[in-house]
Structure formats: C-alpha cells, structure tokens
Amino acid sequence: MHMLRRDKKEEEEGGGNPFNNLDKTTVLQEARLFNETPINPRKCGMILTKLLYMINQGDQTIGSTEATEAFFAMTKLFQSKDPTLRRLMYMGIKDMSKIANDVIIVTSSLMKDMTGRDDQFRGPAIRALCSITDTTMLQSIERYMKQAIVDKCHAVASAALVSSLHLSKTSMDITKRWVNEAQEAVSSDNIMVQYHALGLLHHLRKHDKLAVTKLVSRFSKHSLKSPYAYCLLIRIASKLIEDEDTGTESQMYDFIESCLRHKSEIVIYEAAHAMINMKGVTAKELAPAVSVLQLFCSSPKPTLRFAAVRTLNRVAMKHPAAVTACNLDLENLITDSNRSIATLAITTLLKTGSESSVDRLMKQISSFMSEISDEFKIVVVQAIQSLCLKYPRKHGVMMNFLSSMLREEGGFEYKKAIVDSIITIIEDNSEAKEAGLAHLCEFIEDCEHTVLATRILHLLGREGPRTPTPSKYIRFIYNRVILENAAVRAAAVTAMAKFGAHCDELLDSCVVLLERCELDSDDEVRDRATFYVRVLKERQKALNSAYILNGLQVSVVGLERALHHYTLEPSDKPFDMKTVPLATQPITEQRTTPGKEPGDISTSKPSDKLASSRQDVYAEQLSAIPEFANLGPLFKSSSIPVELTESETEYVVRCIKHTYSRYMVFQFDCTNTLNDQVLEKVTVAMESSDGFDVMKYIPCASLPYDTPGTAYTLVRLPEDDPTNVTGTFSCTLKFIVKDCDPNTGEADDEGYDDEYVLEDVDVVVGDHVQKVMKPNFGASWDEVGPDNELEDTFALSTMKTLEDAVKNIIQYLGLQPCERSDKVPEGKSSHTLYLAGVFRGGHDALVRSKLAMTDSGVTMQLTVRSTDPNVSDVLVSAIG
Amino acid sequence: MDSHILEPSLYSVKAIMILDNDGNRLMAKYYDDQFPSTKEQKTFEKNLFSKTHRANAEIIMFEGLTCVYRSNVDLFFYVVGSVNENELILASVLNAFYEAVSQILRRNIEKRALLENLDAIFLAMDEICDGGIILDCDTSSIVSKVAVKSDDIPIGEQTVSQQIKSKLEVIQTAKDQIKWSLLK
C-alpha cells in the first residue's frame, strides 16, 4: 500500500525524478532551514543534495551573493554530527568555493575536523580545506599537512598527498618542503598512498634530472605494490629515455621490458605502449611487446582488445613486418561487435597484409561501413588510399569501393576525404583516371557541398579534355549549369571552356552551350561565359592557352597590392601585368601531401598560402628600405637560406637572394653568439670577377648577443651580356667589435675593426627563374612557338638513374615540373620531363627534356622555348 | 602526429558522468578546461550518448578523447580521459565507480534508485576521483568511506524485487551449505 501511494505521487511529480525542474530560488530559500536548531539531518541532507545537484547540472547560474548566503547557512551544519550530512557539506564547500565569497571563514572548522579523532572526516576535510586555501593561508596549515601526509590512516594520507599536488600548481615553493614526508609515504603498504606519494615526489623533483633518475632506479628495484605506481614509473622512465636519448641501452629500458612480465594487465599494457612509442626501436626489440599485445587481442574484455589493436595499428605504421605475426588474431577481430575495434583491426591489416588479401578485406569492411562513426570512416578511406598507392594494380576494387562510399550518407569531412583520395589516386595512377573521373562525375550529379563540386569541376576541366572520349563529360558539366548555385555554375562554365579550347571537334558545341550561359542570372557566370565565347571564337591556339587553359600565374596577394598601388597613383600607362610578383606555388594545385600517415586526421596543410605570402613579406621588408625603393618589383626570393658559416661558430650568417629585373639584393641574416661582444656597423663585403658590380652596402647598425640582425648588399647584374647571369662572390663579414659585460650587456666605448671570412655565395640560373605551373603544358608549348627554340644533347655520365637526372635538372634550372612529369614510372628506360617557368624580366621559359637510360649513364635531349632568345641560351648553357 | 609519450602525471581522468536513457545528465564532473562551459559539456554528453547508447561496446574514441562506458537499464556511466591515456586505467576507474554504485544501490542499478540515494552517489564520485587524480579504486573501501549503513532504510522503502532477491540469495546459500555438508 505504501509503495503504491508513493508511485502515484511520483507520477504526479513528473518522471519519478524528484530533482527534475528544481527551481533555483526555491532551493536557495530552502537552504535557510540550515539555520534552524536543532538541525534535522535528514531534511538538511535532502536540501543539500538538491543544492549539489543543481550546481552539478549547471543550467542555472548562481550569483555570488546568493552563493555566499547559502554558503554561510551551510556552515551552520558543522554543529551536526551526522556523517553523511557532514560529508555532503565538505562537497558543498568544494563546489561553492569558486562562486561564493569569503569562503576562508570555514578554515578553522575544517582544521578542527582535519586534526580531529574521527578518521572518516579527516580525509575529506583536508581536501575541502585545500580547495579554499591560498598561498598565504597555506603556511599556517603547513604543519598539519606534513603530519597528514605520513598519517597511518590511508585515506588521510592520500587526501593530503593529492591536495599537495593540486596546491603545488600555485604554491610550489611551500609544497617543495614536504619532500621528506612524501618520501616516507612512498613506503606505505597501501597501494593508493604509494601511488600518490610517488606522483608528488616526482612532481616536486621533476626538474632535477639526477634526482628523477635516482627515483626510478630506486623504485624499480624495491618492488612497488600498486599497478598505478608502476605505470607512473614506466612513464617517468620512458620520458627520461627520450630526454637523454639513451635508447634501448639504458637500465631504464630493462626496467620497462621487465614490466612486460608483471602480473597486472594495466602494467603490462603500459610497458608495451611505452616501448612501442619509443624513438628508434627496432622491429626485433619490439617483438616481446607485440607478442603481449597479441595475447590481449583474444581477451574477453573489449577495452583490452581495443587498447591492443590500437597500439598494434601504431606499430604497423613504422614496422609493418613486426605486426604480421598477429595477422591471424587481427582477422578474428574484424567481426568484433565493437566497431571501433573492427575498424582498427582492418586498417592495421590493410597496412600489413599482402596484395592477395585486399579483395577479401574490402568485402568485409563494406559489410559494416554504415555502422561506424565518420571519424573512423575517414581512417578507412585514408588506409585505402595508401593501399592503392602501394598496390596500383588493385585500383579497380578500391575505386569501386570509394565510389560506393561516396553514394552513402556522410558529413562534409568524410566526403572530402573520399574525394581527396580519389583525386590522389587519379594523379598517381593514370590507369585509374577514367574510372575515377566517371565516379566523380556521378558524385557531382548529387552533391550538396559547393566546395567539393567546384573542385571536381576544376579537375574535370584539367583532366577531362585529355582523355580518349572527352565528349562524355560535357553532359555532366552542362547539367551543373542548369541545376546548381552560382559558384558551381561559374566553375562549370570554366570547365566547359577548357574542353572547347583543347578539343577542336568539341569547339562548336561548347561555344553553343556557353552562349546559352551568357543569359545567366548571375554576373560572374555571365562574365565568364562572354569572355570564353569571345576567346574561343578567335580560334587561336595561343589565346586559348594563355587565357583558358593555363590562366593567370600571379600571386593573388601581389596582384591585389599592385592594383591598389596603381589606383593610388593614376598614370596614363596601362597596368603592366609583368610587374606583379608570380605565385611561388601554383594556386590551382591543392593536392594533399602523399605519404601522410593514414589515421592522421588532419586537414590539408595550408603550405601553398604560406609560400606565396613569404615572398610578399620580403617584398614589403625590402620596399621599406629607402635605398631599395626604386628597384622595381621583386621578382624572386630564394626559398631556402644558404648557411655561410659552420653551425657552431662565433657568428652565424645566412644568405637569402632577392632578384629584381636588373639588380640583386643579398640579405644576410646575422646572429652574434658571443655574449661578451657587441658588433656594430656590420656589413658583408662581396667581390666578384664575373661582371657583377656591387652598388651599395646597407649595414646592420648594431648586433648584440643572440639578437638577429640583417645587413644587405645591392649588386647590379651585368648588362652588356644578357646571357651572363651566373657568378660566384667571395664574402667577408666586416664589423666593429666592442667588448661588453655579459650580464648587463653594456658595451665599452672603444671598439676595433675586425673581419670574419664567410663561405662563397653562388648566383645560379635558378635564381633568375620563377617556377610556374602550367596545367596544360602542350598548349603553352604551342603558344610560345618555335621562334626562339634551342636544342642540344647532353650525356649526363654522373647520373645513375632517371630519378637522379630528373631531380638534378629541376634543381639546376629552377623550373616547375608540369604534368606530373617529375615522377618517373618504375621500370622505364626513357622519360620526358616538362618544365615551365618565367625568367627574370617576365619571359616565359619552357623546357622539354627527353631522357634515356644508357649503359654509361643518362642521355638527355634538351629543347628550350622562350619568348626571348637570350633566355633559351642561358637555360641551355645552365646544364653542361 | 603529436608525441605519444605521456607526460608523467597523476592527472589521468578528464571527466566522469552518469547520464540517463535520454542522454540527460544526472551527474557529471569535469576535471579540466577542455569543455569550459556547461553548454559545451552538455553538447559533448549528448553527442557521446548518441554514439554509445545503442552498441554496448565499452570503449570509444570520441572527439579526440578516449571514453569508456558501461550501462544498465536506464543508466549510462562514462569515464573520459586523454586519447593517449592508458585505456585500462580508465576502465579500472569506471569499474570501481560502477561497482560502488551497484553496492550502494544494492545491485538495483536504476535511475529511480540512483535518485533516491543521490547523496551517497555524490560522495562515492568524490571518493573515486579528486580533481582528475584517481583517489581510490577499491570498491569496498569506497563504499565503506561513503558509509551508508545498509540497515538504515526501513524494509518498507526497499523494493519488492530487492526483497525477493535477498530471499533467493538466502535460499541459495542454504542450498550450497547442504551440498557441501553432503559432499564432506
């Protein structure tokens, strides 16, 4: 009867949760009941629980006045001896210590409880006390804390140790004095006290490497009881190994390895985990760790299986061979009911498995793809991508799989990962191109992500025209014009124009389609269509190449700045495109770097953007120097600074070369590593016999210790012979030395001249050339035409392979490889490399280099086309 | 990728939670600033719940965190730690918490029972983890510290099922005793 009545009452209250819909004001009102005497523990306990529940829910913010009032009412409860009520009050103090004012009022009451006779109260009282105390208050309770740490009651000792650790965040200098007590507590027979004491001890001494080393060697012998303490000790030991880089030789490593035989699974796993994450371990040294993880794979506990397979997955990234022994166990996990475990098992297998097992694995993955989270799906996609690069012959299976994943539901990140993967595979494997493009076409038919649709349309425009049957893509592209938003329509128009420009037989149809787009409702789409129709109707290859297929090659930031300048200073001269700095990296190319570890869920790096802005930064810095103001636009800055000194000498000097149309500026970044010297009037004197004239030195006024400074040297390029572009400069650092006080940095008044000889600086052809990506090399080749063509044949006897030759040619000429021709297909004995760039002064430079492997090395036929005859000359003479 | 070597520290737990079968918070403690506001915490809880309430799989990597969980009837217990944390340590915390709650509620792990004993559950949570440091993982010691005397509650307030269960247990032990005496 009693039960029934209660049920009914609860139903009326709503959902049987008495704490549901608590109202802040009511609860705070009720808290006044704490002030009544005698205290009713049951009632007050209920109210206090409500208060705690409300704070815990966090929906209703309690103001500090309200909190303070409730807090003071709560302190009245110290009069009650009821244990539950008292303990709830401690929690209340902790929870409200952040919101209420004057909480230190309860210090003395808590101190009484902390030192009292009732062990039940002492631990929680210490923890509550430490949550309200600060550095100044801490000194007055220090004595009691020290006693508590070594108290024989475990709960008290643990509470004191843990609180000390919290306190050391703010009052390290006080807690430091408790080392001896902590030391004593480590030998406690309670496992938790031991763990907490070890943690505190390490924390207090962690900056003293010797003390930490001693700590580990002492406790690794004297066997600890707590598995947690063991885990901590393993972590300390592996940190030491990493810091000191002692590798597997040290005693620490032996200790970690011995932990693999500990009786607790926690410790075994911690040890295996530590060994696997250590730098520079060999597959052989990992074997014992891998074999314990293998055992864990068949454990009935999901957490243990998860931990094991996750760690094995990590091993497989570095040492796939070490994991092959576990393949059988991993295969059993593919059907695991925990999908995370199954996914990890499969991606591990994909890394370690052989080509023959791929088909079967793919089938198994597809059976549960729908059940796992997007995060794991991305892991799978990346695993497939790397697998496809590893076994190019399997691309058919993988492509089908990826395309079926594209059709399924999924978020943007997931779809993006798939599209990225397909694009990477297409670019890497020409056999997969057609299938890949077909899948992508199908995808954009029903794609809600504008970013992906425009990206795919761009890819179609680039790759589609060069496939055997370009006409089949037109339908997909034109559908976009009819169905999509403005951004996608504009991208589709551009893609379509590219088909028209590249394929003569499609030209007329494309023009018809584009003319229809001239009536589009969006400005951008209309403008693009009109522009393309006009260009296409001219029917000139050169125009097609310059305005449709290859587009602008300038840095967008630079263009913006140049145009801004132009509008500020109106002149009659038309705006000259050649004054705009070129994009250092092709803007169109946004491949994610291949070779990225799968499982590494990071977004594609914005390296392209950085590269272009770096040169912009230089341009800005240089134009700020009055002497360099009228040199014209900066053409190129060398990307990697050249070291002109050994790394550990008195002065460190790095050189960056900036090329202008008729001058070069050498930027010397100098660092003074001597703390008892100040250098003044630092210049780098340069001498050359190759017709270069040094025009001006801009000294670095003062170079104090460890503060980098910059000196510049301006050089005029030889004008009488335009093909003379290379040379060598001997450099000397000249400066006035003044001794100074290493502590204050104050320099003497007197100084003396000194010199320091630096390494030579070379100016090479590459310094005069800016890399430019031509997405359609053939079109550009025809555009430039054979007027200034030069051809020569070289025997490169020092090159042993085609890859070597390709790498070296790119380096010598400083041009951008196009059409992915920098990758030599395996097993071929001949290869053609296409390079493109712009020479100083804005002349296009294109190079076709046919390479053939012979017995005595590599033979090369080099053909150069350029808009300027001298440029062709220079480039041909650069090799040789 | 970031370093997988763990900084040796006692701070191993990032959060402990109990949610109900709609993913609402019954109690939750966060020990660091990863989710600074209540709103962010609750969104995290909702998302975590929607990922875990169907499959009883015990562990999941979620939003860059390792989450271990257990559920019973209408209660979901979670312990959250860093992605590099030893999963087994987190699992041991979860188990200690779950078992402690189970003992406090006398094996009757249900939302209603939990709310009836909310004070004791709060105290148990407080005894297991203090500011992210594991304080105690021994169930019996936690329960003894929380100090709820099982005889406190009058029989009328125990549910019928509990009473039947305890009766059954008595019968079982009696049976066992007879069996053993026969075997001897």
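Biologist: How much accessible surface does chain B have, and what share of it belongs to carbon and sulfur atoms?

Modeller: The accessible surface of chain B is about 8,300 Å², and 53% of that belongs to carbon and sulfur atoms. Accessible areas come from the Shrake-Rupley method with a 1.4 Å probe, and for residues only the protein chains shown count as cover. This is a predicted model, in which local features need pLDDT of at least 70 and side-chain atom pairs count only at pLDDT 80 or more, while totals for chains, interfaces and linings use all residues. Residues are numbered from 1 along each chain as its sequence is written, chains are lettered from A and ligands numbered from 1 in the order in which they are written, and side-chain values use heavy atoms, with hydrogens and water left out.

Biologist: What is the secondary structure of chain B?

Modeller: Chain B has six helices and seven strands. Here helices (H or I, at least four residues) and strands (E, at least two) are DSSP runs, numbered from the N terminus. Starting at the N terminus, the order of elements is β-β-α-β-β-β-α-α-α-β-β-α-α.

Biologist: And what percentage of chain B is buried?

Modeller: Of the 184 residues in chain B, 53% are buried. Buried means under 20% relative accessible area, exposed means over 50%, and partly exposed lies in between (1.4 Å probe, protein chains only).

Biologist: How many residues of chain B are in contact with chain A?

Modeller: In chain B, 59 residues are in contact with 64 residues of chain A, where contact means heavy atoms within 4.5 Å. The area buried between the two chains is about 5,800 Å², with carbon and sulfur atoms giving 58% of it. Buried area is the accessible area (1.4 Å probe) that two parts lose on being put together, summed over both.

Biologist: How many salt bridges cross that interface?

Modeller: The rule finds nine salt bridges across the interface of chain B and chain A. A salt bridge is a side-chain nitrogen of Lys or Arg within 4 Å of a carboxyl oxygen of Asp or Glu. One example joins Arg127(A) to Asp130(B), with the closest N and O atoms 2.9 Å apart. Both residues belong to a network of salt bridges, whose other members include Arg87(A), Lys94(A), Glu127(B) and Lys145(B).

Biologist: What about polar contacts there, how many residue pairs?

Modeller: There are 24 residue pairs in polar contact between chain B and chain A, both residues being at pLDDT 80 or more. A polar contact is a pair of N or O atoms within 3.5 Å; within protein, one must be able to donate a hydrogen and the other to accept it, and residues adjacent in sequence count only if both atoms are side-chain atoms. On the side of chain B that touches chain A, helix H4 (residues 118-128) of chain B gives the most, with six residues.

Biologist: Let us move to salt bridges in general. How many are there over all chains?

Modeller: The count over all chains is 48 salt bridges. In one of them, Glu142(A) meets Arg177(A) at 2.8 Å, N to O. This pair links distant parts of the chain, 35 residues apart: Glu142(A) lies in helix H8 (residues 135-149), and Arg177(A) in the loop between helix H10 (172-175) and helix H11 (179-186) of chain A.

Biologist: Are those two buried or partly exposed?

Modeller: Glu142(A) is buried, at 10% relative accessible area, whereas Arg177(A) is partly exposed, at 42%.

Biologist: Which residue does Arg526(A) pair with?

Modeller: Arg526(A) forms a salt bridge with Asp523(A), at 2.6 Å, N to O. Both lie in helix H31 (residues 523-538) of chain A, three residues apart, about one turn of the helix. Arg526(A) is partly exposed at 27% relative accessibility, and Asp523(A) is partly exposed at 49%.

Biologist: New topic: which residues are buried in helix H37 of chain A?

Modeller: In helix H37 (residues 869-878), the buried residues are Val871(A), Ser872(A), Val874(A), Leu875(A) and Val876(A). Their cover includes helix H36 (802-813) and strand E13 (790-796) of chain A.

Biologist: What caps the N-terminal end of H37(A)?

Modeller: Asp868(A) does, with a side-chain oxygen 3.0 Å from the backbone nitrogen of Asn870(A).
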